[in-house]
Amino acid sequence: MASPDLPSTNHDTDHSTGHAPDRSVAEQLDAADVLAEWRERFVLRNPGLIYLDGNSLGMTPIATIDAMRRVIEEQWAGDLITSWWENDWLDLPLTIGNELASLLGAAEGTVAVHDSTTVGIFQLLNVALDLPAARGGPRPPVLAFAPSEFPTDRYAAEGVARLRNGAVRSGLDNLDGVGVVIRSMVDYRSAEICDVAAETKRANDAGAITVWDLSHAVGVLDLDLPALDVDLAVGCTYKFLNGGPGAPGFTYVAPHLHHDITQPIWGWFGQTDQFAMDNAFDPRPGIGRLLHGTPGILGLTAARSGIATTIEAGIGAIAAKAQAITQYGIAVADALGLTVASPRDAARRGGHVAIRHTDAVRIHRELEARGVIVDQRDPDILRLGMSPLTTRFVDVHDALLHLAELAEMTAGDGTTAS
Ligand SMILES: Cc1ncc(COP(=O)(O)O)c(C=O)c1O
């Protein structure tokens, strides 16, 4: 996208220019934004609200309300139980998985949309542990994660270790003796993008297989999982994909593993002949064996609409705007003397910018009172999500001005000065 003179994001320690940033730069960037019109395709109940939380809960596509109404009125109310066959409800997790696959650079038949991300992590950690070790023999039931990993990933690994008489290792420096790694592609606090290909290889060389969590990557980065040699991945659809609160997550399994995998939750939706009734469990071929119970059709409908919105807007343009708008946010934060806790290299940064401040809790609360919605993550991070389809450059500018004003009310030691 065209880039009017951005304040530079250089690599010196003190980035502050001491100048209040010029709002007209943001206005020019919005005018040149090829995705600008997409904001109008979302519900904007309160035009004065500055919503920088699309990386936690994406906004509501207007098309989703229509899609939900259609599925409820025509399919549920109208076609009732025949919808399981007539309206593709039985296979909806796989149909939508095929649609989502294009955003992952993945082939059809490798993605299923179902359940929560946490359930998907639990399933794939077990799948990974049951895969034979590279050098033959059983894989050690040792699961590793970074100490800073998102809590649900750590908890799921601990739960799996407990069930399988295994152990967890907090720290990824030494992977000797590790069977499985669970790891986020984009760090939920700093937005730092991990070098997936290099880290997958490092784990493989140590004899471990990695389950990648793409929750903060999908819908904002232009992904190509096969090119990154990803074997197993999970993610959610309610952040940058705007799939709605509690929308189902997804699981990805690389084709070369399809026939080897055994997942721990056996149920009739994962069964080859679901309606034979008296047969023994015989998992269906391919990614379908990740399914287990009746899928939530309404949640899937909203997720499908969010995914379709992203596909239609184009993930290339979305990823480019994510880099540009986060770069702009960092430049403004620098100019205001705020402490940026996200990578300065755009290629290493996801779709949010973290600002570090000792008084983050108060600032978060007071921003909300001013109609500026951001996230706060302990201990001292304010997370500004810049969702390319809905966030304007002026939103970033205005939010950071509010934030800097509130931060100035705090002395350097974190106590409130005025
Ligand atoms: C990295 C990561 N993994 C998982 C989750 C959430 O998992 P679930 O969808 O099961 O609540 C989040 C939620 O923010 C997340 O940031």
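Biologist: How many helices and strands does the protein chain have?
Modeller: The model is predicted. In the protein chain, the secondary structure comes to 11 helices and 13 strands.

Biologist: What radius of gyration does the protein chain have, and why does the value agree with a compact globule?
Modeller: The C-alpha atoms fill a box of roughly 70 × 55 × 35 Å along the principal axes. For 418 residues, a compact globule would have a radius of gyration near 22 Å, so the value for the protein chain agrees: 22 Å.

Biologist: What percentage of the contacts with a separation of 6 or more is between residues 24 or more positions apart?
Modeller: Of the 418 residues in the protein chain, 46% are buried. Among contacts with a separation of 6 or more, the share from residues 24 or more positions apart is 70%.

Biologist: How far apart are the C-alpha centres of domain 1 and domain 2?
Modeller: The domain assignment gives domain 1 as 23-32 + 314-408 and domain 2 as 64-311. Their C-alpha centres are separated by 30 Å.

Biologist: Which element gives the most residues to the side of domain 1 that touches domain 2?
Modeller: The contact involves 19 residues of domain 1 and 14 residues of domain 2. On the domain 1 side, at least two residues come from each of α9 (315-335) and β10 (352-356). With five residues, the element that gives the most is α9.

Biologist: How many residues on that side of domain 1 are nonpolar?
Modeller: The side of domain 1 that touches domain 2 has three charged and six polar residues. The nonpolar residues there number 10.

Biologist: Which elements give two or more residues to the shell around the ligand?
Modeller: The ligand is surrounded by 13 residues, and the closest are Ser116, Thr117, Thr118, Phe150 and Ser215. The elements that supply two or more residues to this shell are α5 (117-130) and α6 (151-163).

Biologist: How many residues of the shell around the ligand are polar?
Modeller: Three residues of the shell are nonpolar and two are charged. The polar residues of the shell number eight.

Biologist: What covers the buried residues of α8?
Modeller: Helix α8 (residues 297-313) has 17 residues and reaches 24 Å from its first C-alpha to its last, close to the 24 Å expected at 1.5 Å a residue. Its buried residues include Leu300, Ala303, Arg304 and Ile307. The cover over the buried residues of α8 includes α2 (62-79), α4 (92-104), β2 (111-113) and α9.

Biologist: Which residue just after α8 takes a positive phi?
Modeller: The phi in question is about 100°. The residue that takes this phi just after α8 is Gly314.

Biologist: How far apart are the end C-alpha atoms of α11?
Modeller: Helix α11 covers residues 393-408, and among its buried residues are Phe393, Leu400 and Ala404.

Biologist: Is Ala191 buried or exposed?
Modeller: Ala191 is found in the loop between β5 (180-184) and α7 (196-205). Its phi is near 75°, a positive value in a residue other than glycine. Ala191 has 26 other C-beta atoms within 10 Å, and the cut-off for burial is 20 or more, so Ala191 is buried.

Biologist: Is Met277 buried or exposed?
Modeller: Met277 lies in the loop between β8 (250-253) and α8. Phi of Met277 is positive, near 70°, in a residue other than glycine. Met277 has 8 C-beta neighbours inside 10 Å, so Met277 counts as exposed.

Biologist: Which two residues does a cis peptide bond join?
Modeller: The loop between β12 (375-377) and β13 (381-385) holds Pro379. Omega of the cis bond is about 0°, and the residues joined are Asp378 and Pro379.

Terms used:
Residues numbered from 1 in each chain as written. Predicted model: local features only at pLDDT ≥ 70, side-chain atom pairs only at ≥ 80, totals over all residues. Near = placed C-beta within 6 Å. Helix = DSSP H or I, 4+ residues; strand = E, 2+ residues; numbered from the N terminus. Nonpolar A, V, L, I, M, F, W, Y, C, P; charged D, E, K, R; others polar. Rg over C-alpha atoms; globule rule 2.2 N^0.38 Å. Buried ≥ 20, exposed ≤ 12 C-beta atoms within 10 Å, placed from the backbone. Contact = placed C-beta atoms within 7 Å. Domains from an automatic or database assignment. Expected span 1.5 Å × (residues − 1).
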